[in-house]
Amino acid sequence: LVKTRMEELGVEPHLVCSAMGKTTNNLLAAGNRALSESVVDISAVRDLHEATAKELKVEDTKYYSEVKDLLLELERVLEGVSLL
């Protein structure tokens with residue numbers, strides 16, 4: 001049923017990954033630290049994503065490049081938060 005409907009619509013399947021490990025907690029902690037201590041530190045989030053990309057052998061793909069861009073954007077957002 002799903003396959004037939006996707007073919008009718010001309011769409012391809014995509015894999016969506018939810019937060020890995022303690023990513024949600026680490027994101028909240030990074031936001032709180034930026035706000036309360038004016039410190040920007042996303043190393044826990046970055047390290048997990050780097051290790052996962054390496055394990056999956058995708059560190060040199062456009063997909064992981066997009067992840068790295070998002071991590072840079074996260075750092076910039078937290079830099080702004082740290083100024084509040």
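Residues are numbered from 1 along each chain as its sequence is written, and side-chain values use heavy atoms, with hydrogens and water left out. Because the model is predicted, local features need pLDDT of at least 70 and side-chain atom pairs count only at pLDDT 80 or more, while totals for chains, interfaces and linings use all residues.

Just after helix 1 comes Gly10, which takes a positive phi of about 70°.

Now to helix 2, which has 15 residues and reaches 20 Å from its first C-alpha to its last, close to the 21 Å expected at 1.5 Å a residue, that expected span being 1.5 Å times one less than the number of residues. Which residues of helix 2 are buried? They are Thr23, Ala30 and Ala34, and seen down the helix axis they fall within an arc of 30°, so they line one face of the helix; the arc is taken from the directions from the helix axis to the C-beta atoms. On the other side of helix 2, Leu28 and Ser36 are exposed. The cover over the buried residues of helix 2 includes helix 3 and helix 4, and here contact means heavy atoms within 4.5 Å.

Thr23 counts as buried because its relative accessibility is 7%, and its side chain reaches the backbone oxygen of Met20 at 2.4 Å. That is a polar contact, a pair of N or O atoms within 3.5 Å in which, within protein, one must be able to donate a hydrogen and the other to accept it, and residues adjacent in sequence count only if both atoms are side-chain atoms. Leaving aside neighbours within four places in sequence, Thr23 is in contact with Leu48 and His49. The C-alpha atoms of Asn26 and Ile42, which are 16 residues apart along the chain, are separated by 7.7 Å.

These contacts belong to the packing of two helices. The axes of helix 2 and helix 3 come within 8 Å and cross at roughly 150°, where axes are lines fitted to C-alpha atoms, for helices over the stretch in contact, and angles run from 0 to 180 degrees between N-to-C directions. Thr23, Asn26 and Leu27 in helix 2 meet Ala44, Val45, Leu48 and His49 in helix 3. The residues of this contact divide into four nonpolar, three polar and no charged; Ala, Val, Leu, Ile, Met, Phe, Trp, Tyr, Cys and Pro count as nonpolar, Asp, Glu, Lys and Arg as charged, and the others, Gly among them, as polar.

Finally, the loops. Ser38 follows helix 2 and has a positive phi of about 55° although it is not a glycine. Lys57, in the loop between helix 3 and helix 4, also has a positive phi, near 60°, and at 69% relative accessibility Lys57 counts as exposed.

Notes. Buried < 20%, exposed > 50% of the residue type's maximum accessible area, 1.4 Å probe, protein only. Helix = DSSP H or I, 4+ residues; strand = E, 2+ residues; numbered from the N terminus.
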